[in-house]
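Student: Could you pick one kind of detail in this model and go through it slowly with me? I would like to see how the pieces connect.

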Amino acid sequence: MDPVETILQTTPQLQPPSGQYSAFELLKNEVNLASQEFFKGADGTKNELNRRRNIRPKVVVKGVRQPNVVDGHILENTQYKISSNREETCDWLNVMIAQLLAKYRNDAGFNNRIVTVLDEIINKQSFSTFVGPVTITELSLGESYPRFYSAAIRVSELTSNLRGEVKFNYDDQITIGIDTQVLINWPKSAIASLPVSLTMSIVKLSGTIAFEFVTHPESAETHLSITILEDFNLEFEVKSLLGHRTKVKDLPKLSSMIVSKLRSRFIEEIVWPNSKRIRMPMLWSDLQEKAEKL
C-alpha cells in the first residue's frame, strides 16, 4: 500500500468548516504532495541533490567593455586628446635603449650566440646547387645608438584601434661578413668553385614604428603587433671579393642584386601591412579554462 494512503487512512477524517471546503481541499493536496516527496527513494533524493549542485548561477563580471568603448574610456581617463596633444620626446627611452645595447655589445657570450644562431639559420636555408656552405667571418653590432622621437597616439586605419607611433633614426654600421663558394656544375657536379667574400652593412634606417594591441576575433588571444610604416628609409652597403688569385672587387651588379633581395625581405617581414606579432600572456589561464568548461 502507498505510504501516503496509509497515513491518510490512519488519520481521523476532518470535516471542513462550512464555506471553507476549497481551502481545506487545497491544504489536503499540499499534504499529499509533501508526503510523496518525503517518501521518495534515496536514489531520487541523491539525483535531485546532484542536479542542484550542477546548476551554478551565472557570474556577472562588471567593468567589461567593447574594444571601441575601452579606447574611448582610456582616452577620457588619461586626458589624452588625439587631435590636440603634442608629440612627445623619447629622451628617457633613448637612454634606456642605449644602455641595453651597450650591455649586449660588450657581452662576448651574446655575440658568440648571435654568430651561432645566424650560422644555423643561413646554412639551413635551401640554397641553389651552385652555392656552397656559408661561413660567418665578421659581426659588428655598431657603435652608435638609435634615436626615437615624436611619439604620439593615432587611430589605426586598418583596425580602428589605438596605435602608438614613434619616429626613429639610426645612423650606424651593423655589419655581417660571410665567405662562401660559387660551384661550377658543368660538365659534372661541383667540378670547380669560385670563392666569394661578402660584407653587408646596414648604414641607415629611419622611419616610423607603430605598435598596437590586436585581439583575435574568434578567441581571447591578444597580440602586440609591431610594424614599420611605408615612409621608411633603409640603406645598405655591400662589398664583395670574387676569385682565387685574380680577384674581382665590388661588382655593381652583384651588390645591386643582394641589396634588392635584402630590401624585399625586410618589406615582407615587417613593413605595413605586414607586422611582427608577440603573443601577450594570459593571466590566470588555468582559471579561465576551468570557467569556460562550466
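Tutor: Let's start with E269, which is partly exposed, its relative accessible area being 29%. (Buried means under 20% relative accessible area, exposed over 50%, and partly exposed in between, using a 1.4 Å probe and protein chains only.) Please keep in mind that this is a predicted model, where local features need pLDDT of at least 70, side-chain atom pairs count only at pLDDT 80 or more, and totals for chains, interfaces and linings use all residues. Residues are numbered from 1 along each chain as its sequence is written, and side-chain values use heavy atoms, leaving out hydrogens and water.

E269 has a salt-bridge partner, R265, with 3.2 Å between the closest N and O atoms. (A salt bridge is a side-chain nitrogen of Lys or Arg within 4 Å of a carboxyl oxygen of Asp or Glu.) Both residues belong to helix 7, residues 252–270, where they sit four residues apart, about one turn of the helix.

Across the whole structure, a search finds seven salt bridges. One of them pairs R105 with D172, whose closest N and O atoms are 3.6 Å apart. Since R105 is in helix 5 (residues 91–105) and D172 in strand 3 (residues 162–184), this pair ties together parts 67 residues apart in sequence. Are R105 and D172 buried or exposed? Both are buried.

D171 is partly exposed, with a relative accessible area of 39%.

The buried residues of helix 6 are N111, I114 and I122. They lie on the same side of helix 6, because they cover an arc of only 55° around the axis, taken from the directions from the helix axis to the C-beta atoms. Helix 5 and strand 1 (135–140) are among the elements covering these buried residues, where contact means heavy atoms within 4.5 Å. On the face of helix 6 turned away from its buried side are the exposed residues R113 and K124.

Methods. Helix = DSSP H or I, 4+ residues; strand = E, 2+ residues; numbered from the N terminus.
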